[in-house]
Structures are given as C-alpha cells and as structure tokens.
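Hi,

Here is the model I promised to pass on.

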Amino acid sequence: MLLIPSGVKAVFFDAVGTLLFPEPSAPVVYAEAARRYGFHLSANDVRKRFIAAYQREETADVAAQWVTSEARERDRWRIIVADTLAGVTDPEACYLHLFNHFAKPSAWRVNSDAAEVLAVLQSRGFILGMGSNYDARLWPLLNTFLELAPLRDRVVISATAGVRKPGRGFFHAVLSAAGCEPGEVLFVGDDLNNDYDGATAAGMHAVLLDPHAKYSDIPHRITRLADLIG
Ligand SMILES: [Mg+2]
C-alpha cells in the first residue's frame, strides 16, 4: 500500500513494463523470428545479446541528449535487431517482421491491475495520462485495450515529443499534458533511470514499480500497481 502524496493532482504511467507487457516475451519472439530467417539461438542467448545491443543504443542516446523521433526509433530497433540476431539470412526482413509484430495488440497483454487502478484513480478525481519511450505503435494498443481508455486523452510519446525519458524535455511535455506544476504530478514506471530518476529530477513525485523487489533501497516503490490504490 502506498499513499499518493497530498497535493498530487495527476498520475502518469509508463507503458512497457508497467501497463503493457509483450506476450510471449520479447526474447521468445526474437528467437522465433531468428528461426524464421535461418538462425537458431535460445531465448536466453537472445536476452544476453539484446541487453548488450540495447545498452549500446542507450549510450548513443545519452550522447544525443535524449533527442528522438519516429525515424530514430525505427533506426534504434533496426540496429538492435541486427545486432541481437546477427546471423539471420535477411536482417531487414527480420527487423520489419519484429517491428510489425510489436505493433499488433495480439502481441501484448495489459497489467491485470490496470483496469481497477485506473478506474479508482479516475473516480477519486485524478488527472490520468501516459508517458512512454515507445513510439506510434502505442496507438493501436491504446485504441484496442479498453482498460487503458482513461489514459487516452493525455499520452506523451517520446518519438512525438522529440525527447525521450529521462531527458528533462520529456517531462516538460508530461507537465503540459497534465496542465500541472511538477509537484502536482506522480509518475509511475518500472525503469529506475528513465522513470523514477527522470521524473524526480524534473521535480515530480515518482513511484517505481518493482515487481521482483530488486530495489529495496528505493524509498517510493510498489511491487504491484494495485498498491497505488491501497
Ligand atoms: Mg517501462
């Protein structure tokens, strides 16, 4: 159970890893895509390669001061797929296959707490929204999953905002979507650096969703979304 600090008027949520999860998991989907293009590796090998490739792109984004765009997001995923699945017969086709896979609602599941948590927060008068480092592929998901309907009017996507989390400009876009001062916004997400530290640095309240209880030293954390409503 977590009490939302007094003075908070708006609650914004991260998307992937907080409200939305790939199902099957990304490593399983990548391994299947690799197999389709003539390259066999385990989901575990995918996971290791993916983390390394993903981290290289994070470093590139730090150097670019977190500037992003739809084009940059496509490039990011093209590079991550090419690096993670180096060995496939047709890297471009494999990338497109994966890019399109994750644009489909059938590739995702919604956090089972989401419907209740969002309905309760809405009934308590909170302004609700979403702040995501994903890209335009979020829209088909938002338009399909009715549980997420309370968020649809205030969606900040980094590829559109031009800056990604944890960049300060991203959180400025959240404030303008919320119509609030920093101290009036609570940001909820599963990524320590992008969500928790980024929002805190922007003067917001932050809560880390930590389902596997990995961050016991973080003061404001919950292990399930339902803890937000006590
Ligand atoms: Mg996340």
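Below are some notes on the metal site and on one helix.

This is a predicted model, in which local features need pLDDT of at least 70 and side-chain atom pairs count only at pLDDT 80 or more, while totals for chains, interfaces and linings use all residues. Residues are numbered from 1 along each chain as its sequence is written, and side-chain values use heavy atoms, with hydrogens and water left out.

The metal site first. Asp14 (OD), Val16 (O) and Asp190 (OD) are the protein donors of the magnesium ion, at 2.1 to 2.2 Å. Donors here are N, O and S atoms within 2.8 Å of the metal (3.2 Å for Na, K and Ca); water is not among the atoms, so the site may look incomplete. Along the sequence, the donor residues follow the spacing D-x1-V-x173-D. Val16 sits in the loop between strand 1 (10-13) and strand 2 (20-22), and Asp190 in the loop between strand 6 (185-189) and helix 9 (192-201), so this pair ties together parts 174 residues apart in sequence. Helices (H or I, at least four residues) and strands (E, at least two) are DSSP runs, numbered from the N terminus. Val16 is partly exposed, with a relative accessible area of 31%, and Asp190 is partly exposed too, at 28%. Buried means under 20% relative accessible area, exposed over 50%, and partly exposed in between (1.4 Å probe, protein chains only).

Now the helix. In helix 5 (residues 114-123), the buried residues are Ala114, Val117, Leu118, Val120 and Leu121. The face turned away from that buried side carries the exposed Glu116 and Ser123. Just after helix 5, Gly125 has a positive phi of about 90°.

Best wishes
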